[in-house]
Amino acid sequence: MRPLDPRLLRRARSARRYVLLTAGLGALTAALVVAQALLLAAAVAPVITRTADWPDVAGTVGWLALVVVARALVTGLQERWAHRSAVRAVAELREQVVAHAAALGPRWLASHPGVATLATRGLDSLEPYFVRYLPQLLLAATVTPGALAVVLGHDWIAALTIIVTLPLVPVFMVLIGRLTQGYADERLVVMQRLGHQVLDLLAGLPTLRALGRERGPAARVRELGDAHRRATMGTLRVAFLSGMVLELLTTLSVALVAVGVGFRLVYGELDLQTGLAVLVLAPEVYLPLRQVGAHFHASADGVAAADGAFAVLEVPLPARGTATAPDLATATLRLDGVSVEAPDRATLAPAWLDLVLRPGQVLALAGANGAGKSTAVAVLLGLLEPDRGRVLVEPVDSPPVDLATVDPRTWWDQIAWVPQRPVLEPGTVREAVARGRDVAPADLDRAARLTGLDAVLATLPAGWDTTVGQGGVGLSLGQRQRVALTRALVDPARLVVLDEPTAHLDADGEAVVLATVERLRAAGRTVLLVAHRPTLLRCADVVVTAASAPLVVSAEAAAPAEPAGEAVR
């Protein structure tokens, strides 16, 4: 990422406003720095060179005090705006990354596990870039040339010394910055890997504990933590050493200016007021560049995270349709030879799947593990594009519509989906079930009795108004499944998709699912079941079996002569 990346200005509106404000404050700071140096020299020189009475410098000192106060106010204002703009810009960038990653689909997210860490902790590291690095970069573009121009107007020899030594600062900054950026990139990769594996470990910890294997991944997590620590310490080591190099370089450069000014003062070639002004301005010329180098290391992690965010945002989105979805109350769904290539496996899962789902029908999708049942559901939901075949929506009185041409929003509005691991947003149980709709309390209670959620509510401290955390924290997997089933019942969507609804339920829970399916059937709603258990398969009107096939098998060899595993009750 360049010092001021145009992509950041395009993506984050707050960053554009902040850059303009900081540039204006930088120009004001440059004027105040020059005024402070000149007023200080004008106030001190007459006092040192006086021969008799004390000179009257009260007015000059008063102006100097005003300039110092104004400079402090400008610095404080800049700090305040920096923090506010940093928070807003990071939030805007995070929102875009999350929305873009979600639009790329679950298959892309599964192949890029570090996106979750990048969108959370990774982008938080961008704050030092806004608060420290970027202001100093803009000050280097305003204060440094402004102060150098004033020095040139007062003493060309000192200005020539500064012009000769000043380029050494960015040269060393570039050399050290390249090394630091490598450490920062390594640290971000390690952090993303650690975050992904820890999240996976936490998600599967109940299962590992039930099997007595909860301590198995500890060694791997410890190794990743040590790698993260080594990368962090390497970055800090380079930052401290580079800071020392830049401090030494600028100190020697200012010393050269001071030696030249001192000799010319001794030989009477320069008056004291001019010499003092040059000596005060010389460090101000180097200071912004030195601070850019120092704060670059603090912002290196954020710069690496921003590069990762831009890499995500630059991935082209799959084409989305714009046509309004047909009414699923009367339309028939057809999967015509749908095949999807399984990632990291030379397999089609599902392979050449044919399926017809008519309005008001209950269809069960069966098959062995890895046959692509959940993948087929993702294709039907429009979350994943098939590599072969297509999904057709066939209205009663119009030609079939390819799902690829349909606007996803108008499609999703007609579908209620209960995945294997239901996702519950933070809030109350009532909010998790209603999902923003105005549902009568009697309807909620009726649905809860049917799914067994009423027994769960009886154990919660505030019943419907009990607060649950992100992902349903505070509820067991079975309780979350009952919440999701209740949500599907009160949802007016015409198509209900139940992906392994009995995965986390016992025999009583299975009876609840069967009762829910019968209730949906009685209401005339279309139901797609992904199921293994015979009891669920028996309650379906149609059973379709999904199968996988090697990717090298030709279409003619893999396609069955007739729909495989389909049975009509």
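Start with helix α16, residues 477-490, and helix α17, residues 507-522. This is a predicted model, so keep that in mind throughout. Two packed helices are described by the angle between their axes and the distance between the axes. Here the axes come within 11 Å and cross at roughly 10°. Angles under 35 degrees count as roughly parallel, so α16 is roughly parallel to α17.

Who makes the contact? From α16, we have R482, L485 and L489. From α17, the residues are G509, V512, V513, T516, R519 and L520. Sorted by class, that contact has 5 nonpolar, 2 polar and 2 charged residues.

Next, a single residue. S253 sits in helix α9, which spans residues 218-266. Is S253 buried or exposed? Its relative accessible area is 3%. The cut-off for buried is under 20%, so S253 counts as buried. And what does S253 touch, leaving aside neighbours within four places in sequence? T165 and Y286.

Now the whole chain. There are 19 helices and 14 strands. Along the principal axes, the C-alpha atoms fill a box of roughly 115 × 55 × 55 Å. The radius of gyration is 34 Å, whereas a compact globule of 569 residues would have one near 25 Å.

Burial: 45% of the 569 residues are buried.

Notes:
Residues numbered from 1 in each chain as written. Predicted model: local features only at pLDDT ≥ 70, side-chain atom pairs only at ≥ 80, totals over all residues. Heavy atoms only, no water. Helix = DSSP H or I, 4+ residues; strand = E, 2+ residues; numbered from the N terminus. Buried < 20%, exposed > 50% of the residue type's maximum accessible area, 1.4 Å probe, protein only. Contact = heavy atoms within 4.5 Å. Axes fitted to C-alpha atoms, helices over the stretch in contact; angles between N-to-C directions. Parallel < 35°, antiparallel > 145°, perpendicular 65-115°, else oblique. Nonpolar A, V, L, I, M, F, W, Y, C, P; charged D, E, K, R; others polar. Rg over C-alpha atoms; globule rule 2.2 N^0.38 Å.
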